[in-house]
Amino acid sequence: MSARKNKPLTTVKQPAHHNISVEFNGGLFLEQPSPIEMEQYIDLEIHFKPKRNKGLLFHWEDRTHRLSVFLLDGFVEVDMSLGGDDRLLKSPSPVSLNTWHSVQVYRSGMGILMKVDKQKFVDTEVDSTDRQRIKAGSTFIGGSNIKLPTNIQAVGNYVGCMKKIRLNSHLLSLTHTPSRTADAERELALPTSLPLCSSDPCSSKGKCAPHDCAASEVLTKYSCLCPFPSFGERCGSTFSMAEGAMRLKGDGLMLLKDSAVMEHITGDSLKFSMDIKQNGTIEKEQILAYAGDLEDDDDFMQIGLNKERKVVVSMNLGAGEVQLTHSRPIPSGKWTTIDVVRTKRTIRITVDGEAPITADAPAGSEQLNVYDAISIGGRESHIHLRDDGFNGCIEWIKIDDTVITSPRQATKSINVEPCHSLPYEEPKYNITILL
């Protein structure tokens with residue numbers, strides 16, 4: 001890094017400044033010296049609301065040591081070197097766009113730890129072949145105009161909002177004069193400060209509101225995640241029906257955490273029914289119900305529809321996965337009742353009370369050990385990706401003797417709206433009898 005004249009470390013003490021949020025456009029960044037304590041430890045916390053799914057949030061370096069925090073494909077990553085090989089940390093799940101998030105990074109000795117929002121901690125240890133003392137160095141926020149490692153240079157500069165950046169007990173100022181990135185437009189006058197953060201596009205009133213917003217890459221392609229009872233393109237409509245068919249469009253779900261529900265999901269038996277009307281073609285398997293932890297090879301249950309419109313049930317009781325696919329495709333735009341019954345290892349599926357199929361889970365376990373929640377219509381960790389959510393209407397869900405007919409009965413409902421826009425057909429009510 002080229003020699004540069006350091007200014008005094010700028011910190012903020014006034015409470016009024018703590019909640020100022022500024023917006024980075026990819027062409028400007030902030031630079032200031034780092035606290036002297038950087039040579040002993042790093043304790044960093046950043047609050048950010050991205051509009052693009054990649055970009056440099058924070059970079060610190062002295063002559064031979066560095067730490068970078070950046071977004072790549074929506075995941076928060078940390079790259080650190082203390083003179084040896086780079087070490088990389090990656091958040092377990094991606095973050096949604098135009099939603100406030102927090103990332104915490106802590107280094108002590110050779111250990112480094114990161115936590116994003118309420119996700120799990122990730123940590124690693126850093127190699128060091130450099131015996132030089134770590135110096136305070138310089139801090140860059142939102143981008144830089146210095147030469148960075150190739151993998152970090154490739155993510156580009158940050159686009160979005162930031163507020164309340166704490167570095168080793170110092171609240172860094174976001175209000176001093178920014179600098180230009182190397183690729184910024186030079187003919188424009190350099191502003192004396194970054195602009196304040198613009199309002200949330202997912203607010204029906206044009207101001208920041210408690211609505212999440214997700215996007216594939218840039219904010220011009222956003223889709224809002226509207227908490228019940230709000231719904232619509234910008235969460236501007238209200239679900240006012242006490243009961244009635246509920247519609248999901250691939251980016252919605254209902255999360256059921258009540259113990260009266262979960263006690264009938266966990267254990268050695270299951271009676272699950274739902275009445276659905278699927279809408280349109282199916283390009284990728286759509287999830288109807290999900291519980292457990294499929295990605296970590298733990299106990300899980302998943303009920304879905306494949307591309308051929310057939311009901312697929314996958315389950316792992318702890319001894320290995322079993323999958324059943326019903327032979328009958330469900331019709332588009334017609335009410336269909338799906339029943340899934342499990343007694344110990346034996347699983348049975350029926351569609352509209354006909355053509356039951358059965359299979360046994362691998363021997364070794366008869367208990368489904370999932371305790372947190374069952375998700376209807378999609379997986380919460382994937383909701384912003386819009387890649388496997390159910391597209392259609394749900395009239396009711398029955399779990400043992402508990403019947404769900406309204407999003408109000410769920411612990412959490414996202415993007416659930418009335419089923420007015422699909423042709424109405426009187427739903428069928430099938431009864432499952434266990435002998």
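Which side chains meet in a salt bridge with an N to O distance of 3.5 Å? They are those of Glu354 and Arg328; the legends below take this pair and other close-ups in turn.

This is a predicted model, in which local features need pLDDT of at least 70 and side-chain atom pairs count only at pLDDT 80 or more, while totals for chains, interfaces and linings use all residues. Residues are numbered from 1 along each chain as its sequence is written, and side-chain values use heavy atoms, with hydrogens and water left out.

**View 1. Glu354 and Arg328 meet in a salt bridge.** A salt bridge is a side-chain nitrogen of Lys or Arg within 4 Å of a carboxyl oxygen of Asp or Glu. Here the N to O distance is 3.5 Å. Glu354 lies in strand 28 (residues 354-360) and Arg328 in the loop between strand 25 (321-325) and strand 26 (336-343), so the pair ties together parts that are 26 residues apart in sequence. Helices (H or I, at least four residues) and strands (E, at least two) are DSSP runs, numbered from the N terminus. Glu354 is partly exposed at 48% relative accessibility. Arg328 is partly exposed too, at 26%. Buried means under 20% relative accessible area, exposed over 50%, and partly exposed in between (1.4 Å probe, protein chains only).

**View 2. Lys271 forms a salt bridge with Asp400.** The closest N and O atoms are 3.6 Å apart. Lys271 sits in strand 21 (residues 269-278), and Asp400 in the loop between strand 30 (391-399) and strand 31 (402-404), so the pair links parts that are 129 residues apart in sequence. Lys271 is partly exposed, with a relative accessible area of 33%.

**View 3. Asp86 forms a salt bridge with Arg66.** The closest N and O atoms are 2.6 Å apart. Asp86 lies in the loop between strand 6 and strand 7, and Arg66 in strand 5 (residues 66-72), so this pair joins parts that are 20 residues apart in sequence. Asp86 is partly exposed, at 33% relative accessible area. Arg66 is buried, at 14%. By the salt-bridge rule, the count comes to 10.

View 4. Two strands pair if DSSP finds at least two bridges between them. Strands of a sheet pair through backbone hydrogen bonds, either parallel or antiparallel.

**View 5. Strand 6 and strand 7 form a hairpin.** There are 5 residues between the two strands. Gly83 in the turn has a positive phi of about 105°. Strand 6 (residues 75-81) and strand 7 run antiparallel, joined by 4 bridges. Glu77 has Lys90 as its bridge partner in strand 7. Val78 has Leu89.

**View 6. The largest nonpolar core has 44 residues.** A nonpolar core is a set of buried Ala, Val, Leu, Ile, Met, Phe, Trp, Tyr and Cys residues joined through side-chain atoms within 4.5 Å. Phe272, Ile374 and Ile376 touch the most other members. Strand 21 gives the largest share, 4 residues. Apart from this core lies another, of 36 residues, among them Ile112, Val126, Ile141 and Leu174.
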